[in-house]
Amino acid sequence: MNRAQREAAARGIMAQSPPRVPPELYADVMRRGARALRRRRAARRLLWLALTAVAVAFAVWALHVRPWVEPPSETTPPVTGWETW
C-alpha cells in the first residue's frame, strides 16, 4: 500500500459518520469522570498534606538537633588556667 492509497483510506474513514452512542452511556461516563476527578483531587490534597507534614517535621528536627553546629570535641580535655602564665 503506497502513500496515496493510505491517504485515500484515511480520508474514507474520516468521511464516514461516527457510530451512534447509546444515550444511557453519557450518564455513566459523566459519573465515572466525576469520580475520577474526585479521586485525583483527593490524592493531590493528600500528597500536599504529606509534603507539608514532612517539611514541618524536618524543620522541627533541624531546629532541635541543629545539624549545622559543629559538635564539641571529645578527644582533648579543655585547657584551663593558661591565661595566668
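Buried means under 20% relative accessible area, exposed means over 50%, and partly exposed lies in between, with a 1.4 Å probe and protein chains only.

## Basis

This is a predicted model, in which local features need pLDDT of at least 70 and side-chain atom pairs count only at pLDDT 80 or more, while totals for chains, interfaces and linings use all residues. Residues are numbered from 1 along each chain as its sequence is written, and side-chain values use heavy atoms, without hydrogens and water.

## Overall form

The protein chain has 2 helices and 0 strands; helices (H or I, at least four residues) and strands (E, at least two) are DSSP runs, numbered from the N terminus. Its C-alpha atoms fill a box of roughly 105 × 40 × 15 Å along the principal axes.

Of the 85 residues in the protein chain, 1% are buried.

Glu7 and Arg3 lie in helix α1, 4 residues apart, about one turn of the helix. Their closest N and O atoms are 3.1 Å apart, in a salt bridge (a side-chain nitrogen of Lys or Arg within 4 Å of a carboxyl oxygen of Asp or Glu). Glu7 is partly exposed because its relative accessible area is 32%, and Arg3 counts as exposed because its relative accessibility is 60%.

Val21 sits in the loop between α1 (3–15) and α2. At 58% relative accessibility, Val21 counts as exposed.

## Helix α2 and the segment after it

Asp28 takes part in a network of salt bridges with Arg31 and Arg32. The N to O distance is 2.7 Å for Asp28 and Arg31 and 3.7 Å for Arg32 and Asp28. Asp28 and Arg31 are 3 residues apart in helix α2; Arg32 and Asp28 are 4 residues apart in that helix, so about one helical turn separates them. Arg31 counts as partly exposed at 48% relative accessibility, while Arg32 counts as exposed at 54%. The structure holds 3 salt bridges.

Arg39 is also in helix α2 (residues 23–65), and it counts as exposed because its relative accessibility is 59%.

Arg66 lies in the segment after α2. Its phi is near 50°, a positive value in a residue other than glycine. Arg66 counts as partly exposed because its relative accessibility is 47%.
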